[in-house]
Amino acid sequence: MENTEVGIWEVGENYVYAPKLGQMKCLQIKSEKSNKWKYLSTPIHGFDYQEGYHYRVRVKKTKRRDTDTVNYRLIDILSKKRTNELPSVAAFLARFKWNLLQLNGKDVSSSKASLGFDAKNGTIDGTTGCNIFWGGFHIKGYKINFTHLASTMRSCNTIHIENEFFQIFEQRQIQFDIAEQTLNLYYNGKLVMIFGLERE
């Protein structure tokens with residue numbers, strides 16, 4: 001016996017990686033019943049997905065009662081719109097402001113440090129919570145480099161995260177992943193920064 005359900009989903013314009021699933025590429029999906037994006041690692045049969053497009057699709061979900069196996073099949077594409085000339089993870093990062101939540105294992109969410117990306121120009125800007133900074137970025141595979149970093153020179157009177165922040169950003173070959181609505185940065189295999197996305 002099978003349970004079937006038909007739903008209408010939005011599908012985001014790029015894949016994201018789920019480190020909990022061994023760096024598996026996932027689709028970003030959002031149903032009509034939810035305001036929250038979720039990640040789908042299971043293929044949608046019959047769906048010829050292309051990055052760089054935002055889709056609205058009707059999908060049939062089938063689950064056998066005697067197993068946890070779930071299958072998805074495309075019924076039809078309701079809309080397909082190009083969203084960005086850069087169909088990559090950079091385009092996803094540029095959609096949001098990223099607030100620093102954790103630095104070297106410490107909760108720093110009260111610091112007000114944040115990061116923003118401009119995918120078209122390959123630039124970043126943000127704040128350490130004390131000084132404003134800017135520069136460039138380059139992504140290749142699972143690695144990200146921040147280049148030509150500069151900042152204002154305001155004096156921070158209290159003990160602050162700024163030195164640790166820039167020590168990480170100035171490193172080469174920083175690894176990253178995006179999962180559970182966070183941007184995670186790793187250096188020498190250690191998780192060093194967690195940013196959380198801020199939705200409008």
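Trainee: Which strand gives the most to the lining of the largest pocket?

Mentor: Rolling a probe the size of a water molecule over the atoms shows where empty space is left. Here S1 makes the greatest contribution to the lining of the largest pocket, namely five residues. A pocket is an open set of points, on a 1 Å grid over the protein atoms alone, where a 1.4 Å probe fits, with protein on both sides within 12 Å along at least five of seven lines; a lining residue has an atom within 4 Å of a point. Strands are DSSP runs of E of at least two residues, helices are runs of H or I of at least four, and both are numbered from the N terminus. Please note that this is a predicted model, in which local features need pLDDT of at least 70 and side-chain atom pairs count only at pLDDT 80 or more, whereas totals for chains, interfaces and linings use all residues. Residues are numbered from 1 along each chain as its sequence is written, and side-chain values use heavy atoms, with hydrogens and water left out.

Trainee: How much space lies in the largest pocket, and which residues are the closest to its centre?

Mentor: The largest pocket holds about 390 Å³, a volume being the space filled by probe spheres set on grid points joined across faces, edges and corners. Its lining comprises 17 residues, and Glu5, Trp9, Ile29, Ser31 and Lys61 are the closest to the centre. At least two lining residues come from each of S1 (2-11), S3 (24-31), S4 (38-40) and S6 (53-64). Sorted by class, the lining has seven nonpolar, seven charged and three polar residues. In this scheme Ala, Val, Leu, Ile, Met, Phe, Trp, Tyr, Cys and Pro are nonpolar, Asp, Glu, Lys and Arg are charged, and the others, Gly among them, are polar.

Trainee: In which sense do S6 and S7 pair?

Mentor: Two strands pair if DSSP finds at least two bridges between them. S6 and S7 pair in the antiparallel sense over eleven bridges, and arginine 58 has aspartate 76 in S7 as its bridge partner. These two strands form a hairpin with five residues between them. S7 (70-82) also pairs with S5 (44-45), in the parallel sense and over two bridges; histidine 45 is there the bridge partner of arginine 73.

Trainee: How many residues of S10 are buried, and which strands pair with S10?

Mentor: Four of the five residues of S10 are buried. S8 (97-103) and S10 pair antiparallel over three bridges, with lysine 97 opposite glycine 116. S11 (123-127) is joined to S10 by five bridges, again antiparallel, and aspartate 125 in S11 is the bridge partner of glycine 116. The hairpin of S10 and S11 has four residues between the strands, and glycine 122 takes a positive phi near 65° there.

Trainee: Which residues of H2 are buried?

Mentor: In H2 (162-169) the buried residues are Glu162, Phe165, Phe166, Ile168 and Phe169. They lie on the same side of H2 because they cover an arc of only 155° around the axis, taken from the directions from the helix axis to the C-beta atoms.

Trainee: Which polar contacts does the side chain of aspartate 177 make?

Mentor: A polar contact is a pair of N or O atoms within 3.5 Å; within protein, one must be able to donate a hydrogen and the other to accept it, and residues adjacent in sequence count only if both atoms are side-chain atoms. Aspartate 177, in S14 (174-179), contacts the side chain of asparagine 184 at 2.8 Å and that of tyrosine 186 at 2.8 Å. Aspartate 177 counts as buried because its relative accessibility is 3%.

Conventions: Buried means under 20% relative accessible area, exposed over 50%, partly exposed in between (1.4 Å probe, protein chains only).
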